Amino acid sequence: MLAKTKENFSASKMVCDSLCSSKKVSVKIKAGFFDQVKDFFSRIFDTSDWPARWHCGNWTDFHGWLYIISDSVIWAAYFAIPLLLFSIVKKRKDIPFLSIFWLFIAFIMLCGTTHLIDALIFWWPVYRLSALVKMATGIVSVITVYALYKTIPAIQKLRTVDQLETQIEERKKAEQEARHLQVLKQAAEDLMAKKDEFMSIASHELKTPITSVKASLQILQRMADKNENLAPVAPFVDKAARQVNKLTAIVHELLDVTRIQAGRLELDKTDFNLAELIAECVDQCRLDDKEHHIQINGDKDLMVYADRNRIDQVLCNLLTNAIKYSPGEGLIKVAFEKQENGLVRVSVADNGIGIPEDKTGDIFDRFYRVENRPQYYSGIGLGLFISSEIIKRHGGEIGVESILGKGSTFWFTV
Ligand code: ADP
């Protein structure tokens, strides 16, 4: 048996040697590079230059078949993997890094083909085809390595299943909170709507009796002025008239809010002298307050095109606030000037209680009060809201600079 095998070995070695040595040497010596390339591609399936691998070298059956079976198994596995990958890619088009998948499919398939050819060469010596497939495998491998290298940062950023689950949980919680907030917001809006409705009805209902009381008090005042016997009641009538004026102001504020909410705050613009208007406002305020000194600074001839009554309302509100929120004696400065942009800037500065920095953004909101102690400072938190709406409707701006305990400067442009 061994003798027979040895005989086979020497026979095949002879075939191999004679074929290999003669052909290889002659091609190498005779042909230039381009001729070799041309020759290579024109005879890609030509097997005449080599013996089948079984006849080249000393193969035992065991060794040869081990080689062939191993290569075949590798080939089968290398074909099955891309098929499985392909079935995944086909079903899941949303898979991230799809191009990498395709490159892997090509790369593994080509690797498998090189093994298949290696097994086939035992009978079919297609060494040119083998080289070509190896070259293609090499190119695709290099491209795959490069693409993988480029994709690594993005792959590292991919979240794990745990991270995704946590994120989903967090999102669910946030959505729940948002829904809860929405419900609360809706409830607050409903409440506000009811409040507006109530305010609208109440202010309209209050208007008529207040007007009637006011008229009666005026008659009484006139009678007290003329009749000496009624002189002792005159101070009480004056006091009642002042309180009724306050009540009227509150009702007007409520009616204004109703108008603003309904988008019915209308302006009647005219040209007027600003200094005169400010002087009127200051005189009005001096009737109720003798303790503060009010200083006015500005061009006496400055004309403004705006709704005179509404600007009067804003000015009076800022002035009464300046007086109200700087208890005791104090200096209040009213200044006005034309700015470079053509708008007029008016400011009212006091040395009063000031406003905490984190509250200055809220004081122009409806019903907002920093000092919610009616026993010290009366008010319902509507004056600045109405003032800001009036100024906004004029296309101007309103704001405040304040230092807690030192005073505030309210300003507006128009
Ligand atoms: P009201 O004075 O009726 O409360 P406003 O809308 O006029 O309402 O003012 C809103 C809030 O802004 C006031 O409650 C007060 O806390 C604050 N505020 C307004 N003006 C001044 C000021 N000159 N100094 C300090 N705080 C002020």
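## The shell around the ligand

Helix α9 provides the largest share of the shell around the ligand, 4 residues, where helices (H or I, at least four residues) and strands (E, at least two) are DSSP runs numbered from the N terminus. The model is predicted, so that local features need pLDDT of at least 70 and side-chain atom pairs count only at pLDDT 80 or more, while totals for chains, interfaces and linings use all residues. Residues are numbered from 1 along each chain as its sequence is written, and side-chain values use heavy atoms, with hydrogens and water left out.

At least two residues of the shell come from each of α9 (308-324), α10 (383-393) and β7 (407-413). Of the 22 residues around the ligand, those that come nearest are N321, Y325, D350, R369 and L384; a residue is near a molecule if one of its heavy atoms lies within 4 Å of it.

## Polar contacts and cover

A polar side-chain atom of K324 lies 3.1 Å from an oxygen atom of the ligand, and a backbone N or O atom of G381 lies 3.2 Å from a ligand oxygen atom; a polar contact here is a pair of N or O atoms within 3.5 Å. The ligand taken alone exposes 530 Å², of which the protein buries 98%, with areas from the Shrake-Rupley method and a 1.4 Å probe.

## A residue of the nonpolar surface patch

W123, in the loop between α4 (98-120) and α5 (127-157), belongs to a nonpolar patch on the surface. At 47% relative accessibility, W123 counts as partly exposed, the class between buried (under 20%) and exposed (over 50%), judged with protein chains only.

Definitions and conventions
Patches are made of residues with over 30% relative accessible area and no salt bridge: like charges are joined within 9 Å, nonpolar side chains (Val, Leu, Ile, Met, Phe, Trp, Tyr) within 5 Å. A salt bridge is a side-chain nitrogen of Lys or Arg within 4 Å of a carboxyl oxygen of Asp or Glu. Buried means under 20% relative accessible area, exposed over 50%, partly exposed in between (1.4 Å probe, protein chains only). A polar contact is a pair of N or O atoms within 3.5 Å; within protein, one must be able to donate a hydrogen and the other to accept it, and residues adjacent in sequence count only if both atoms are side-chain atoms.
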